[in-house]
Amino acid sequence: MVHEGLLAPTTMSEHVMSLLNRADSDFFIVSTNVCPYCFKAKRYLDGRQLSWTEVNVQNDRELQMEFVAMTGHRTVPVVFDLRGDDPVFVGGSDDLEVYL
């Protein structure tokens with residue numbers, strides 16, 4: 001099931017909004033070091049020749065919890081589509097494949 005949806009800027013912390021706005025890519029991925037689904041999502045985007053920016057929250061529990069609070073998605077990866085005017089929360093790795 002895809003959990004996609006536009007996120008109003010008021011639901012994003014300033015820090016998260018800053019990370020998303022600085023990303024100069026098609027997609028944004030929140031990941032950790034040892035996450036096979038994170039690698040799967042990145043390989044999937046690479047295979048479709050779509051660019052991505054990654055933030056690793058392995059050692060930043062506070063940032064990870066900001067993404068959880070914003071999306072309700074408790075696991076990684078957390079994937080956003082940045083190709084439109086506003087970020088679109090896609091979901092996780094499986095959601096990404098359905099989305100594209």
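Student: Where does Pro 77 lie?

Tutor: This is a predicted model, and in it Pro 77 sits in the loop between helix H3 (61-71) and strand S4 (78-81).

Student: What is the peptide bond from Val 76 to Pro 77, cis or trans?

Tutor: Start with the general idea: most peptide bonds are trans. Here the bond from Val 76 to Pro 77 is cis, and omega is near 5°.

Student: Which residues is Ser 93 in contact with, leaving aside its neighbours within four places in sequence?

Tutor: Pro 77 is one of them, along with Tyr 37, Lys 40 and Ala 41. Ser 93 itself belongs to helix H4 (residues 93-99). A polar atom of its side chain lies 3.5 Å from the backbone oxygen of Tyr 37.

Student: And is Ser 93 buried or exposed?

Tutor: Ser 93 has 5% relative accessibility, so it counts as buried.

Student: How do I read phi at Gln 49?

Tutor: Most residues other than glycine have a negative phi. For Gln 49, phi is positive, near 55°. Gln 49 falls in the loop between helix H2 (36-47) and strand S3 (52-56), and it counts as exposed because its relative accessibility is 73%.

Student: Which residues touch the most other members of the largest nonpolar core?

Tutor: In soluble globular proteins, nonpolar side chains tend to be buried together. In the largest core here, with 18 residues, they are Phe 28, Val 30, Val 55, Leu 63, Phe 67 and Phe 80. Helix H1 (14-22), strand S2 (27-31), H3 and S4 each give two or more residues to this core. Another core, of 8 residues, lies apart from it, and its members include Phe 27, Ile 29, Ala 41 and Leu 50.

Technical notes: Residues numbered from 1 in each chain as written. Predicted model: local features only at pLDDT ≥ 70, side-chain atom pairs only at ≥ 80, totals over all residues. Heavy atoms only, no water. Helix = DSSP H or I, 4+ residues; strand = E, 2+ residues; numbered from the N terminus. Buried < 20%, exposed > 50% of the residue type's maximum accessible area, 1.4 Å probe, protein only. Polar contact = N/O pair within 3.5 Å; in protein donor to acceptor, adjacent residues only side chain to side chain. Contact = heavy atoms within 4.5 Å. Core = buried A, V, L, I, M, F, W, Y, C linked by side-chain atoms within 4.5 Å.
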